[in-house]
Amino acid sequence: MQHNPRFLALVEQIRRQVQETDIHQIKRWMDEGRDFILIDVREESEWAKGHLPGAVYLGKGVIERDIETRYPDPNSELYLYCGGGFRSILAADALQKMGYGKVVSVDGGFRGWNEAGYPIEA
């Protein structure tokens, strides 16, 4: 997908303030049986076509509204992914502004996961 220049500039500005990991680290943790919260922030239609194993859905359009209900502890480790790693940066920034201190964006997102041949749930 070709992203617009202002969107990319916004993401790059925020990226410096957000911790990131990549899909390969997430896969290693899954393989090790590590317990962590993986949140898909894509659109509901994207989620319905497939998502990472064990992920929960909290779309970018509602995550700020619903995060406290699902995860009231602001010390919860939250790993957010989207299609490629851009929307998850924006969502992570918003959650940090809400007081969540352990929010990490997953670079590569669903596209990178799929391209790596990792398993997908439908």
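This is a predicted model: local features need pLDDT of at least 70, side-chain atom pairs count only at pLDDT 80 or more; totals for chains, interfaces and linings use all residues.

Q: Where do F36 and Y79 lie?

A: F36 is in the loop between α2 and β2 (37–40), while Y79 is in strand β4, so the pair ties together parts that are 43 residues apart in sequence.

Q: Are those two buried or exposed?

A: Buried means under 20% relative accessible area. F36 has 16%, so F36 is buried, and Y79 counts as buried at 6%. There's another edge-to-face pair, W113 with Y118, at 4.8 Å centre to centre and 65° between the planes. Both W113 and Y118 are buried.

Q: Which residues do ring pairs link into a cluster?

A: W29, F36 and Y79.

Q: What about charges over rings, what sits over W29?

A: That's the charged end of R34, 3.8 Å from the centre of the W29 ring. You also get R42 over the face of F110, with 4.2 Å to the ring centre.

Q: Switching to helices. Which residues of α2 are buried?

A: I23, Q25, I26, K27 and W29. Their cover includes β1, β2, β4, β5 and α6 (109–115).

Q: What does K27 touch?

A: Leaving aside neighbours within four places in sequence, K27 is in contact with W113, Y118 and P119.

Q: Why would two side chains four places apart in a helix point the same way?

A: An α-helix has 3.6 residues a turn, so residues three or four places apart end up pointing the same way.

Q: And what's going on at the ends of α2?

A: D22 caps the N-terminal end, with a side-chain oxygen 3.0 Å from the backbone nitrogen of H24. Just after α2 comes G33, with a positive phi of about 80°.

Q: What about α5, how many of its residues are buried?

A: 8 of its 11, so α5 (residues 87–97) is mostly covered. Among the buried ones are I89, L90, D93 and L95. The buried residues of α5 pack against α1 (5–15), β1 (19–22), α4 (63–70), β4 (78–81) and β5 (103–107). α5 is followed by G99, whose phi is positive, near 105°.

Q: Last topic, strands. Which way do the side chains of β4 point?

A: L78 and L80 point one way, Y79 and Y81 the other, and all are buried.

Q: What does Y79 stand opposite on β5?

A: V104. β4 and β5 pair in the parallel sense over 3 bridges. The chain gets from β4 to β5 through α5, and that β-α-β crossover is right-handed.

Q: And how many bridges join β2 to β4?

A: There are 4, and those two strands run parallel. L38 stands opposite Y79 there.

How values were computed
Residues are numbered from 1 along each chain as its sequence is written. Side-chain values use heavy atoms; hydrogens and water are left out. Contact means heavy atoms within 4.5 Å. Buried means under 20% relative accessible area, exposed over 50%, partly exposed in between (1.4 Å probe, protein chains only). Rings of Phe, Tyr and Trp (its six-membered ring) pair if their centres lie within 6.5 Å; planes under 30 degrees apart count as stacked, over 60 as edge-to-face and the rest as tilted. A charge sits over a ring if NZ of Lys or CZ of Arg is within 6 Å of the ring centre and within 35 degrees of the ring normal. A polar contact is a pair of N or O atoms within 3.5 Å; within protein, one must be able to donate a hydrogen and the other to accept it, and residues adjacent in sequence count only if both atoms are side-chain atoms. Two strands pair if DSSP finds at least two bridges between them. A crossover is right-handed if, with the strands pointing away from the viewer, the path from the first strand over the helix to the second runs clockwise.
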